[in-house]
Amino acid sequence: MRRVVFNQKGGVGKTSITCNLAAIGAAMGYRTLVVDLDVQGNTTHYLVGEIDAEAFPAEDQGVAGLYRQTVGSRKMRRNPDSFVWETPYENLFLMPSSPVLTDMEKELEARYKIYKLRDALDKLDEEYDRVYIDTPPNIIFYSKSALIASDTVLVPFYCDSFARQSLYSLLDNIGELQEDHNPDLEVEGIVINQFNSQARLPGELVAELEEEGMPVFASYLNSSVKMKESHRDHRPLIDLAPSHKLTGQFLDLHAELEQSLASR
């Protein structure tokens, strides 16, 4: 099962949702791979901290190394698993991001390498039970590659009117990509993030989405300073604060995902 966490807006919690759901799955015994396609590398930093650039040259590592070899000699190509790193957490693995992805994008797009991530993950199907892909907050080569490579999409949603308007554009773009590249891709659901139950507007927006038939998950994620501490310490909530309320909400969301998967 491959899930891409995607929204065209920044600051909606893609990294937090990707890493914490993946960490929960790993803690439950699923061999889980996280692919960080966002050039900012927040997911990479969250799970493994600072990377020694001299010891691990960016162009040879992770996603950048995987893509770079697709434009090089076929004889020198390595198995996709060689671009995967271990994390400090059992069963949790990472294909890290790199700043050089920005420089590589035009060449990859010109050479039509948009299916190469899907091809690589096909080769890793027997290695991992779950794959989570974090994406840039816009429709570019890397986010399109992720959508083509995935089975389902999770859409983080921050409760404001601007986010609601961008949601329609996002779903239109996903629909177009489904038609052109990946007809089996499904929008698995909308994840309500940083929900404030004390304010009126968030509840009204969620109710309106549900009335429109949007696939909103029942488990909402509240805002909490504990998430910021989790980022700072490079420790997903299931490890940092297993009994915290927000951790429980992530556990509930993960249970919904697993139930959805079982009914497919």
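Helices here are DSSP runs of H or I with at least four residues, strands are runs of E with at least two, and both are numbered from the N terminus. Keep in mind that this is a predicted model, in which local features need pLDDT of at least 70, side-chain atom pairs count only at pLDDT 80 or more, and totals for chains, interfaces and linings use all residues. Residues are numbered from 1 along each chain as its sequence is written, and side-chain values use heavy atoms, with hydrogens and water left out.

Let's start with the empty space. Rolling a probe the size of a water molecule over the atoms shows where such space is left. On a 1 Å grid over the protein atoms alone, a cavity is a set of points where a 1.4 Å probe fits but cannot get out, while a pocket is an open set with protein on both sides within 12 Å along at least five of seven lines; lining residues have an atom within 4 Å of a point. Points are joined across faces, edges and corners, and a volume is the space filled by probe spheres set on them.

The largest pocket has a volume of about 500 Å³. It is lined by 25 residues, and the closest to its centre are Gly13, Lys14, Thr15, Ser16 and His231. Helix 1 (14-27), helix 2 (42-48), helix 9 (225-233) and helix 11 (245-262) each bring at least two residues to this lining, and the largest share, four residues, comes from helix 9. Sorted by type, the lining of the largest pocket has seven nonpolar, 14 polar and four charged residues (nonpolar is Ala, Val, Leu, Ile, Met, Phe, Trp, Tyr, Cys and Pro; charged is Asp, Glu, Lys and Arg; polar is the others, Gly among them).

What about the cavities? There is one of 30 Å³ or more, and the largest cavity holds about 40 Å³ of space. Arg68, Val71, Met104, Glu107 and Leu108 line it, with helix 4 (residues 101-110) giving the most, three residues.

Helix 1 and helix 11 pack at an angle of about 75°, their axes 10 Å apart (axes are lines fitted to C-alpha atoms, for helices over the stretch in contact, and angles run from 0 to 180 degrees between N-to-C directions). The two helices are therefore roughly perpendicular to each other, a label that covers 65 to 115 degrees. Helix 1 makes the contact (heavy atoms within 4.5 Å) through Ser16, Ile17, Asn20, Leu21, Ile24 and Gly25, and helix 11 through Phe250, Leu251, Leu253, His254 and Leu257. These contact residues divide into seven nonpolar, four polar and no charged.

A few single residues are worth a stop. Phenylalanine 93 sits in strand 4 (residues 92-95) and is buried, with a relative accessible area of 13% (buried means under 20%, exposed over 50%, partly exposed in between, using a 1.4 Å probe and protein chains only). Threonine 32 is 61 residues away from phenylalanine 93 in sequence, yet their C-alpha atoms are 6.1 Å apart.

Arginine 77, in the loop between helix 3 (62-68) and strand 3 (85-86), counts as partly exposed at 29% relative accessibility.

Finally, look at the backbone. Most residues other than glycine have a negative phi. Histidine 234, in the loop between helix 9 and helix 10 (237-240), has a positive phi near 55°.

Note on methods: Parallel < 35°, antiparallel > 145°, perpendicular 65-115°, else oblique.
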